[in-house]
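Subject: Structure for your review

Dear colleague,

Please find below the structure that I am handing over to you. My notes on it follow.

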Amino acid sequence: MNFMTLIATILLQQTLPPIPDAQYEPSVAHPFGRPNPAAPAELAQFAFFAGAFDCTDRRLGPDGEWVEFLAIWNGHYFLNGHAIQDQYWAPGFYTTNIRQFDEAEGVWKIGFFSEPGYSNGIWTGGLEGEDIVLTRPLTRPDGTEIISRLTFSDISDSGFSWSGAVVTDAGARENWTSLCVRRQ
């Protein structure tokens, strides 16, 4: 290599961005990734989500009757171990969420996306006792203001419970539950 080629190579290497650090992303050795030590300490609140879960769900139908079905919910560390992404599959419905702690505001922010029939939203919240409670204000087509409330409870190494509720001035009404058991 001649001197000019060497100088050009050194200058080029100095201007290129470093190789991205992805050591905390899912890998063969760590299929659900790992928490990044530089992530907010609050990331540990959602650590239970790293894994694969079989769920039994109940959803309140438009006729007021509960419908039961099976679902799968999987989560992994994301954004090089600074957040958690999960995916949920049920018959005819699937979602993904990105769970990230906003240190400036001191709250969790969860970005939600679903298909078919695209929908999205952002829920915020955090720990309330031993539960994680997330809310999002919504306006129904008829103009009624409600709060969508999502609660993670009974969190353990073996699984968790999740519930969705609509909160109005008249109170809260649960409309979806999920009992999730970690796959062994």
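Strands are DSSP runs of E with at least two residues, numbered from the N terminus, and two strands pair if DSSP finds at least two bridges between them. This is a predicted model, in which local features need pLDDT of at least 70, side-chain atom pairs count only at pLDDT 80 or more, and totals for chains, interfaces and linings use all residues. Residues are numbered from 1 along each chain as its sequence is written, and side-chain values use heavy atoms, leaving out hydrogens and water.

Strand β6 (residues 119-128) runs antiparallel to β7 (residues 131-139), and five bridges join them. Across this pairing, Thr124 stands opposite Thr135. Two residues lie between the strands in this hairpin, where Gly129 has a positive phi near 70°.

On to the next pairing: β7 is also antiparallel to β8 (residues 145-156), through eight bridges. Arg136 has Ser148 of β8 as its bridge partner. Five residues separate the strands of this second hairpin, and Gly143 takes a positive phi near 95°.

A nonpolar core is a set of buried Ala, Val, Leu, Ile, Met, Phe, Trp, Tyr and Cys residues joined through side-chain atoms within 4.5 Å; buried means under 20% relative accessible area (1.4 Å probe, protein chains only). The largest such core has 28 residues, of which Phe46, Phe49, Trp73, Leu134, Phe152 and Phe160 touch the most other members. Its largest share, four residues, comes from β2.

With contact meaning heavy atoms within 4.5 Å, Phe152 touches residues including Trp73, Arg99, Leu134 and Phe160, not counting residues up to four places away in sequence.

Yours sincerely

Methods
Buried < 20%, exposed > 50% of the residue type's maximum accessible area, 1.4 Å probe, protein only.
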